[in-house]
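Dear colleague,

I am handing over the structure below, together with some notes on what was found in it. Please read the notes with the structure open beside them.

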Amino acid sequence: MIIGEQKSLEEIAGMLEGQQRILVAGCRSCVAICLAGGEKEVAILAESLRLLSSLKGRGWEIEEATVERQCEKEWVAELSARIEGKGSVLSLACGVGAQTIQAMYPQVRVLPGLNTSNMGAPEEAGVFVERCGGCGDCVLHLTGGICPIARCAKSLLNGPCGGSQGGKCEVSPETPCAWEEIHRSLERLGRLDLLEEPIPPKNWLPSRDGGPRKMVRKEAVLTEEQKRSKGGKP
Amino acid sequence: MMRIIGFCCERGPEEAVDLAGERGMRYQADVIFIKVPCAGRVDVVHLLRAFREGADAVLVIGCLEDNCHHVYGNLEARKKVERAKQILDEVGLGSSRLELFHVASNQPFRIPRLVAEMASRVEKLGPNPLAVKG
C-alpha cells in the first residue's frame, strides 16, 4: 500500500490562501489504512479548516467527500456533482489520486493535502514501514524475502556496509540492518548458499531512471469496437 | 457569561453530574453537559465543532483510569483530546481550553471544581472569539 502523511495545517492553509469554495476529497484505500486521508481524516481536517477560517475570517466554504479509490476514474467520476462550483479540491489521497482528479476536472485547482511517502505496510497499529522500492526488477527470491532496495539505506545488493552494528543501521539505531535480516532469513530457510552468488549490477532502467513507467496488459485493453459499445467510457 | 461544554461518559461521570445537580451545587459558568456512551466515543470533530460554535472551553469527563466499562475508552479519549489540543494550538485558539478529566460516580463535588478550573483558564486566555454574544 501507499503510505502518506498529512501536511501541516499551516502549509495546507497557505495553499488555500485566496480560495473560497473548497472540496476536501479523501480516499478509502491505502491512505485510509495509514490514517492519513480516509473519511475520518477528511472530517477532522475539514473541521480544523472551518475553525481556522472562522477565527481568521478566511471565508472558506468547505465540503467533504471520500471515494473508494481516488486513483481510478470510475470512482473519481462520482465526485463530479461535488466538484461543480468549487474553485479547488484539497486531495487527501496519494499523489496518484490527486493527479487523477486534476486530469478528470481540469477546471479546478487540485491541491495536495498529503505528502506521499512510500510503498509499505502496517507493522503494528499506527506504525507503517517502507517495504518496496518499486525498482521494477525484483530480487526478493535471492534475499530471503527482504528487499535490500527499500530496507537498506544504501540499497546495497551484496551484503552490509561497514556501518552495520549489532544488527542496526548506522542511519538510525531504530532501523534494522536489512542485510542482517536477509542473512537471518536465508539461514532460517537453509539457503545461505544464495549469498555466495554475487548479484550483478542492477539495471535501473525499469525503475525511475527510465522515466515514467507504463504497463500495458494487452488482454485487458478494449478494442475500438468495445470502447464504442461502452459509450466511450474507459 | 462564559460557555463551557462538558462531554460526560454515561457510566460514572454522568451520575456525578446528576448528583451535583441534585445537591444544588453551583457552577461558575454556563455549562452544558452532553452525555456520551463512553469518553472514548468523543471524536476530534466533536471537540473542534464545539469551539467553532462558540464554546469558551470544553472538558471531557471519563471514568477513573483503569475503570473503563469499555476497557480502552479512557485511553482512546486521551489520544483524541491530545490530537484536538494540537489542532487548537495550530489554529491559535489555545490547547488549554480543552481538558480530559477522570471522575467516579460518587465524586459529584469534583464537577464544580473542574468547571471552575476551566473557567479560570478562560479568564486567563480571554473568551473564544467565536463565542455567541449575549
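B:Lys35 touches B:Cys8, B:Glu10 and B:Glu14, leaving aside residues up to four places away in sequence, where touching, or being in contact, means that the C-beta atoms of two residues, placed from the backbone, lie within 7 Å. B:Lys35 belongs to strand E2 (residues 30-36) of chain B; helices (H or I, at least four residues) and strands (E, at least two) are DSSP runs, numbered from the N terminus. B:Lys35 and B:Cys9 are 26 residues apart in sequence, yet their C-alpha atoms are 6.0 Å apart in space. Because 13 other C-beta atoms lie within 10 Å, B:Lys35 is partly exposed; a residue is called buried with 20 or more other C-beta atoms, placed from the backbone, within 10 Å of its own, exposed with 12 or fewer, and partly exposed in between.

Please keep in mind that this is a predicted model, in which local features need pLDDT of at least 70 and side-chain atom pairs count only at pLDDT 80 or more, while totals for chains, interfaces and linings use all residues. Residues are numbered from 1 along each chain as its sequence is written, and chains are lettered from A and ligands numbered from 1 in the order in which they are written.

Next, the interface. 13 residues of chain B are in contact with 11 residues of chain A. On the side of chain B that touches chain A, helix H2 (44-52) and helix H3 (73-91) of chain B are the elements that give two or more residues, and H2(B) supplies the largest share, 6 residues. That side has 9 nonpolar, 1 polar and 3 charged residues, with Ala, Val, Leu, Ile, Met, Phe, Trp, Tyr, Cys and Pro counted as nonpolar, Asp, Glu, Lys and Arg as charged, and the others, Gly among them, as polar.

In chain A, 4 strands form an open sheet in the order E3-E2-E4-E5, with parallel pairing; two strands pair if DSSP finds at least two bridges between them. Strand E3 (61-67) and strand E5 (109-112) of chain A stand at the edges with a single partner strand each, so one side of each has no neighbour in the sheet. The twist averages 25° from one strand to the next, where axes are lines fitted to C-alpha atoms, for helices over the stretch in contact, and angles run from 0 to 180 degrees between N-to-C directions. Strand E4 (residues 88-91) of chain A is joined to E5(A) by 4 bridges, and A:Val89 stands opposite A:Val110 in E5(A). Helix H6 (residues 95-104) of chain A packs on the sheet, touching E2, E4 and E5 of chain A, and its direction makes about 175° with that of E5(A).

Further along chain A is helix H8 (residues 178-189), in which A:Ala178, A:Trp179 and A:Ile182 are buried. Seen down the axis of H8(A), the buried residues fall within an arc of 90°, so they line one face of the helix; the arc is that of the directions from the helix axis to the C-beta atoms. These buried residues pack against helix H7 (148-151) and strand E9 (172-176) of chain A, whereas the face of H8(A) turned away from the buried side carries the exposed residues A:Glu187 and A:Arg188. H8(A) is followed by A:Gly190, whose phi is positive, near 70°.

E9(A) itself is hardly covered, the count of buried residues among its 5 residues being 0. A hairpin through 2 residues joins E8(A) to E9(A).

With kind regards
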